[in-house]
Structures are given as C-alpha cells and as structure tokens.
Amino acid sequence: GLSYPERLNVVTEFVDRHVAEGRGERDAVIGPSDTWNYRALAETVNRIANVLTRDLGMVPGNRVLLRAANTPMMVATYFAVLKAGGVVVATMPMLRAGELAYPIRKAKIGLALCDATLVDELKVAQRLAPELSTIVTWGDGALETMMNKAGYEHFEPADTAQDDVCLIAFTSGTTGEPKGTMHFQRDLLAICDAYGARVLKAAPDDRFIGSPPLAFTFGLGGIVLFPLRIGAACVLPAKVAPPDLAEAIERYRATICFTAPTAYRAMLGKLGERDLSSLRICVSAGEALPKATFDAWREATGLPLMDGIGATEMLHIFIGAPRDKIRPGSTGLPVPGYEAKIVDEDGKELPDGTPGRLAVRGPTGCRYLADPRQAKYILDGWNVTGDTYLRDRDGYFWYQARSDDMIISAGYNIAGPEVEACLLAHEAVAECGVVGAPCPERGQIVKAYVLLREGFAGDAALAKALQDHVKASIAPYKYPRAIAFVTTLPKTSTGKLQRFALREIARQEATAS
Ligand code: 3UK
C-alpha cells in the first residue's frame with residue numbers, strides 16, 4: 001500500500017520540493033497571460049498564505065471558499081489554503097447565489113477568496129449566508145496589494161497530519177442536496193501515486209490540459225495534481241469549451257488531455273481545422289465512454305481514449321486500464337491499490353457476469369460532512385457508488401447504468417446508456433439521452449432524446465432508421481419506442497447528462513398526450 005509520513009503538508013510535495021531539488025525554473029502553470037515556473041508558483045503561494053494567516057486571521061482547520069475559473073491564481077490560492085493548514089471548499093464558477101449559499105452554510109465558511117470578475121454572485125450569496133464575513137478579491141488589486149508586502153515571500157508550511165481534512169468537495173447533486181465529501185492531506189498524494197503513477201504513467205515533460213473545473217475533483221487531479229506531483233506543467237487556457245480546447249491543445253502543444261466523452265465527440269468535428277498531434281494521452285471520465293466514441297477517436301487520432309470511472313467520494317479514478325490493457329467498451333481494471341466487486345442489495349458479492357452494484361475500497365474514500373446519507377454509502381467498509389456494473393471473467397468492469405437509471409419496460413431491465421452507446425454509433429446522432437417514459441401497458445417505454453449532426457433532418461423516416469439500427473445492433477426489446485429530436489440536452493455543472501431531468505420531461509410529455 002501507499003504510506004506517508006505522519007506529519008504531512010502536501011504543498012511541500014506538489015510545489016516546494018521541486019524548487020528545493022533544482023526544478024525551480026521548469027514551467028508549472030501556464031495561463032493565457034502568465035506562465036509561472038515552480039519558483040514563481042512557490043513564491044505566489046507563500047505570499048497568499050501569509051495574507052491568509054497574518055492579514056485575514058485564518059488558522060489551521062479553517063474552511064476557505066474559493067471561487068474562480070481555472071486560472072493560475074485559482075491554483076495558487078488553492079495551495080496557499082493547504083499550506084496554511086486550511087480546508088479548501090472550491091466552487092464551480094457557474095454556480096449562482098443560491099447554490100453558493102448552500103456550501104457556505106453547510107461548511108460554516110467565514111472567508112472566501114474570489115476572482116473579482118465573479119464576485120457579484122458571491123455577494124448575493126453572502127446575504128443568504130451571513131456566516132461568510134470576509135470576501136477578498138483578486139484581479140482588481142485587492143489581494144495583490146496585500147500579497148506584495150516585504151517578508152511575505154517565505155512561509156513555513158502548517159504542521160498538518162497526513163489525515164487532517166484539507167478539502168471538502170461538494171457533489172454536483174444530481175439527486176437531492178449536494179453532499180460535502182471530506183478528504184485528507186494524504187489523499188491528494190494517493191491519487192497521484194496510484195492512478196497517476198500506475199495507470200496514467202505521465203512524464204515530467206508532459207503538458208496537461210483539460211476542461212473540468214478545478215472545483216470538480218476530476219479537474220483538480222487531472223489538470224493540477226498529476227502534473228505537479230512529477231514536476232510537469234499544467235496548461236490553463238482562458239476558454240475550454242470543446243472548440244477552444246482543441247485550439248488550446250494546438251497552441252500550447254499539450255500532451256495529456258482530461259475531459260468528458262461529450263467533449264471528445266465534439267472535438268472530433270474540429271480535427272480537420274486543428275493540429276492535435278502533440279497529444280499522446282487522452283483520458284475520458286465523468287460519464288460512460290461508448291465504444292463508438294472510442295473507435296472514432298482512435299480512427300481519427302491514432303490514440304486510444306483511456307476510460308476511467310471516478311467519483312467525488314473517491315476523489316479520483318479508481319477503475320481504468322493502462323494504455324496497453326484497454327478493452328474498448330469496458331471501463332477497465334481496478335487501479336492498483338483499489339479493490340472492486342459487484343454486490344447485490346444486501347452487499348453479498350455476485351458471480352462474474354452478473355450485473356449488480358459496484359463497490360470499491362482503496363487508499364481514498366471519504367466521509368460526508370454531517371450527512372445521514374453516509375450510512376447508505378458505506379457497506380462493511382466498501383464504498384457503494386450507485387452504479388450498476390458487471391465484471392467479466394478476465395476481471396474487466398463493464399458499465400451498465402446508474403442504478404437509478406435502469407429502465408424497466410414490460411419486465412425487461414434496460415440500461416439507458418447501452419441504448420445511447422448504440423445510437424451514438426449511427427452517423428446521424430451527435431448526442432443523445434435515453435430514459436424510461438411512463439406507459440400504461442409496459443410500465444415504462446424506452447424513450448430517446450436525440451441531437452442530430454448537421455445535415456440530418458429529424459423526421460419520421462430517420463426515427464424509423466434509428467429504431468432499426470438499434471434493433472439490428474442489440475437485443476431488439478431495447479429499441480426506443482419513442483424518439484424526440486431536440487436541440488439541447490440538460491447537463492449538470494460537471495457536464496453530465498441529467499437523466500432525471502429528461503425523465504421529468506418524458507413524464508410531462510406522457511401526461512400531456
Ligand atoms: C459516473 C462514470 C461510467 C458514475 C469523477 C473522474 O465523475 C466524477 O465524479 P462525480 O462525483 O460522479 C461520479 C459518477 O459519475 N461516472 C464517472 N466516470 C464514469 N460512469 N464511466 C465512467 N468512466 O455514475 C459515478 O458514480 O461527479 C470522475 C475523476 C473524479 C471525479 N470526481
């Protein structure tokens with residue numbers, strides 16, 4: 001297993017060690033207007049940590065809210081809070097006041113550091129959650145003035161324990177209130193030393209890029225922690241929607257990309273205009289990676305997409321195959337250090353080949369912050385993720401659906417994502433979402449919401465063609481009896497398809513007709 005010293009402040013590992021060992025001149029964080037080498041990053045972190053403790057009265061254990069897009073200053077404030085022994089509560093830039101007030105109240109946060117361009121919404125949140133007494137902004141000179149004091153360039157890291165909580169990451173809350181997941185100092189290293197070292201296998205000359213916000217642990221690990229653990233560089237372009245991401249990969253000659261399957265599909269359309277030949281590793285997570293997407297990306301770029309399932313609760317990816325062991329369509333193998341199994345409702349292990357609930361354990365995992373849902377999530381020390389999976393005889397894990405996304409139609413269990421994967425293999429389909437719609441005869445029917453590629457018309461003939469395509473590819477009872485052509489699909493702030501929102505639309509459409 002992974003073992004770390006009893007006293008541990010991770011900023012020593014991610015930042016200061018590189019300077020101490022002669023890597024201070026290497027690029028650490030590359031933003032649109034500035035590039036910081038490790039020495040510059042270390043000094044900026046120290047200056048902010050001094051502001052936090054000397055000017056703002058922060059003490060170890062305090063929770064600090066961060067609000068910014070993926071920028072070099074977001075990275076610096078993040079490490080400053082950790083170095084001062086605080087607990088980071090990073091928030092997605094697109095959150096509105098009501099959504100910001102929730103973590104402030106729940107985590108009792110008194111202090112926030114915020115990019116000045118995003119402060120208005122936070123001020124509204126402050127009225128709803130008055131426990132937030134102090135907001136300090138950067139970009140407008142406020143934090144900068146405080147940072148630039150003489151003597152602020154050095155900062156002694158807080159003497160934290162390896163199992164001191166250092167991060168509370170809130171889930172995106174697809175069902176119910178968001179949950180605050182608490183992670184330890186050592187967890188930030190563990191994901192790098194497990195997935196990073198054993199599956200990803202990046203090198204110090206790699207340049208990492210990606211689209212998930214740093215407030216989403218997929219982005220934190222993939223874009224910041226994995227590169228900084230090994231002295232590599234992290235690229236943070238100004239814009240990361242798929243066309244901008246493709247442009248930034250070309251401009252910065254990025255070598256490793258972390259994003260969701262949807263973004264890879266969208267970038268496929270840009271390959272003619274963009275030179276992505278610098279890429280050598282592409283990681284896909286957040287949602288199931290359909291085989292059609294894997295095949296199309298490999299065909300176009302020569303690179304396999306590395307699928308991996310992660311969760312906010314587990315901090316990062318816990319199942320995913322190294323590049324030489326990928327089986328297209330499967331999520332992969334447990335990351336070394338993690339164990340995974342398939343269990344029934346009572347937690348009893350199921351034989352290989354039988355779909356059931358995915359349970360995992362390993363060096364990371366979490367406690368929820370003051371939340372009775374903890375009791376449902378942990379079963380005999382195993383984390384139960386809420387996904388339906390099966391394991392094959394070779395030990396590979398195959399995603400079926402979120403457990404609450406299974407469609408039951410005329411007694412058949414149908415996994416919506418399997419029908420989606422099949423539809424995505426059709427040339428007319430750009431994106432789709434498949435859910436159960438209420439039906440008096442069959443209980444539910446399979447209903448597909450389909451976003452078409454340019455040049456295709458959503459008419460009855462195409463609907464019929466899509467139905468025939470599904471019937472010819474997978475068991476015919478799974479075909480979508482209803483197809484709706486749409487121009488957008490509902491997504492969470494982390495970019496996941498909101499199947500519950502589609503189900504609600506399907507329910508309303510069923511009652512209206
Ligand atoms: C789903 C996947 C199939 C699955 C995340 C990488 O997504 C992350 O965290 P969240 O808490 O969501 C967790 C849930 O998302 N999922 C994620 N990856 C896959 N389903 N195949 C996949 N490859 O339902 C899981 O339970 O938002 C991903 C790293 C860190 C993360 N936090």
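Modeller: Buried means under 20% relative accessible area, exposed over 50%, and partly exposed in between, with a 1.4 Å probe and protein chains only. This is a predicted model, where local features need pLDDT of at least 70, side-chain atom pairs count only at pLDDT 80 or more, and totals for chains, interfaces and linings use all residues. Residues are numbered from 1 along each chain as its sequence is written, and side-chain values use heavy atoms, with hydrogens and water left out.

Biologist: OK. How many residues of strand S8 are buried?

Modeller: Four of its five residues, 180-184, are buried, so strand S8 is largely enclosed by the rest of the structure. Strands are DSSP runs of E, at least two residues, numbered from the N terminus.

Biologist: What does S8 pair with over five bridges?

Modeller: Strand S7 (residues 165-170), in the antiparallel sense. Pairing takes at least two DSSP bridges between the strands. Phe-184 in S8 stands opposite Val-165.

Biologist: And what about S18?

Modeller: Strand S18 (residues 367-368) pairs with S8 over two bridges, also antiparallel. There, Tyr-368 is the bridge partner of Thr-181.

Biologist: Switching to cysteines. How many disulfides?

Modeller: The count is zero, taking a disulfide as a pair of cysteine sulfur atoms within 2.5 Å. For Cys-366, the nearest cysteine sulfur belongs to Cys-166, 13 Å away.

Biologist: Is Cys-366 buried or exposed?

Modeller: Buried, at a relative accessible area of 9%.
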